[in-house]
Amino acid sequence: MPVGYLVPVALVAIGTLFALRPVPGWTPLGRVSYFFGLAANELPFAAFFWLLLAPTALAFAEGDIHSAGGWAIVALAAVSTIGLAVIASRGLGERARIERAMDAGLGAGWRAAIDTDLSAGLRRRPPWARILFLPILKRRLDVRRVADLSYGEAGRRNLLDVYRHRSRPQGAPVMIHLHGGGYSGGHKNSQSLPLLYHLAGQGWVCVSANYRLRPQAQHPDHLIDLKKIIAWVREHAHEYGADPTTLFVAGSSAGGHMAALAALTPNDPALQPGFEDADTSVTGAIYLNGWYGTYFGQGPESSPLSHITPDAPPFLVAHGDLDPLVPVAEAREFADRLRATSANPVVYVELRGGNHAFDLYHSVRFEAVIDAIEAFTALVRSQERTSRP
């Protein structure tokens with residue numbers, strides 16, 4: 001049996017299976033299912049070309065398919081290809097589904113309400129070259145990352161990175177992003193980088209930050225760190241060409257939980273010890289594959305659900321319907337309760353077949369989400385301009 005051919009095919013087969021039928025994260029196979037399924041789910045084209053097509057062609061060229069075992073591997077590759085086609089089809093359909101979700105949250109014809117200059121800068125088609133050939137490469141030549149700026153007293157856990165266009169445009173809006181990791185792991189410069197680099201390439205100033213982790217820190221320590229980041233941006237962002245009066249906060253998984261809490265508790269002095277007078281309000285929030293419940297056995301005050309008010313800022317919530325770590329029902333509940341209470345726009349995007357950390361790569365799915373985020377923020381910015389005296 002050609003073992004060298006079997007290994008890549010088996011990896012793809014396992015990933016495809018878990019992408020189509022993920023195992024809940026709390027089960028013994030949960031983490032295996034998550035990691036293998038995520039890669040196949042977001043990178044089906046790369047999996048097909050590099051781990052199925054190329055090894056199959058090489059195996060035939062070298063005469064390795066000469067036994068029942070060899071043909072069995074070919075059959076497994078064929079079945080996996082069908083599974084990858086299903087996965088790719090779901091990703092390709094995401095753009096239309098997201099557009100319908102935007103219509104539902106913002107009203108039909110919402111694009112006409114975007115200012116002309118902001119509308120002109122919106123991307124019109126997916127970046128197919130990156131999706132097909134460079135899905136893992138995040139960096140862009142026109143964007144500079146200024147790394148490891150200190151915003152607090154907790155050493156490297158209080159460092160942030162700034163992403164800005166090399167031309168240093170002035171008056172740029174700001175996007176702050178917080179990584180996931182269950183509040184016990186993760187780091188800046190890891191998640192949602194396709195989003196941050198794209199926005200920075202469009203003239204935004206983006207910030208990705210570390211924050212204190214468990215068990216040394218507990219809620220609300222992480223949230224206080226985020227509010228320190230917002231205060232830092234208000235004070236220093238102009239040095240990088242930003243206008244921090246337009247400031248969006250975003251996060252992935254635990255970072256999304258934290259971003260939502262910050263957006264829903266602006267200027268709360270109890271959460272701003274030592275910097276009570278800082279303005280920590282935000283223009284809007286982006287909640288990606290988030291956690292919505294309470295914090296490790298703490299009370300309801302540690303959940304964003306307990307802080308929903310009519311003056312909540314605009315929200316865009318995106319969650320995969322096959323998320324093995326956070327059930328999609330929790331995302332639906334948050335979006336429904338927020339929409340029923342808030343006077344501001346709420347967009348809920350449910351991603352068909354979406355895994356938990358769908359924001360890691362330049363996938364068809366996440367690129368569609370990026371375009372939705374950019375359009376959503378353009379509308380919010382347009383409405384903000386209209387409301388200013």
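The points below take the cores, the pocket, the salt bridges and the cavities in turn.

1. A word on the basis. This is a predicted model, in which local features need pLDDT of at least 70 and side-chain atom pairs count only at pLDDT 80 or more, while totals for chains, interfaces and linings use all residues. Residues are numbered from 1 along each chain as its sequence is written, and side-chain values use heavy atoms, with hydrogens and water left out.

2. The largest nonpolar core holds 53 residues, and I176, I229, F315 and F334 have the most contacts inside it. Helix α10 (residues 254-264) supplies the largest share of this core, 8 residues. Apart from it lies another core, of 40 residues, with M175, L199, F248 and I286 among them. A core here is a set of buried Ala, Val, Leu, Ile, Met, Phe, Trp, Tyr and Cys residues joined through side-chain atoms within 4.5 Å; buried means under 20% relative accessible area, exposed over 50%, and partly exposed in between (1.4 Å probe, protein chains only). Helices (H or I, at least four residues) and strands (E, at least two) are DSSP runs, numbered from the N terminus.

3. I176 deserves a look of its own. Leaving aside neighbours within four places in sequence, I176 is in contact (heavy atoms within 4.5 Å) with V207, L226, I229, I230, V233, L247, F248, V249 and A250.

4. Next, the open space. The largest pocket has a volume of about 690 Å³; of the 25 residues lining it, G181, G182, S253, L325 and H356 are the closest to its centre. Helix α2 (residues 30-42) gives the most to this lining, with 5 residues. By class, the lining of the largest pocket has 14 nonpolar, 10 polar and 1 charged residues. Ala, Val, Leu, Ile, Met, Phe, Trp, Tyr, Cys and Pro count as nonpolar, Asp, Glu, Lys and Arg as charged, and the others, Gly among them, as polar.

5. The count of salt bridges (a side-chain nitrogen of Lys or Arg within 4 Å of a carboxyl oxygen of Asp or Glu) comes to 18. R385 and D117 meet in one of them, at 3.1 Å from N to O. R385 lies in helix α12 (residues 364-387) and D117 in helix α6 (residues 116-120), so this pair ties together parts that are 268 residues apart in sequence. R123 forms a salt bridge with E367, with the closest N and O atoms 2.7 Å apart. R123 is partly exposed, at 24% relative accessible area, whereas E367 counts as buried, at 2%.

6. E94 is buried, with a relative accessible area of 0%.

7. Finally, there are 2 cavities of 30 Å³ or more. The largest cavity has a volume of about 60 Å³, and its lining includes E42 and R365. Helix α4 gives the most to that lining, with 4 residues. The second largest cavity, of about 30 Å³, has E42 and H362 among its lining residues. On a 1 Å grid over the protein atoms alone, a cavity is a set of points where a 1.4 Å probe fits but cannot get out, and a pocket is an open set with protein on both sides within 12 Å along at least five of seven lines; lining residues have an atom within 4 Å of a point. Grid points are joined across faces, edges and corners, and a volume is the space filled by probe spheres set on the points.
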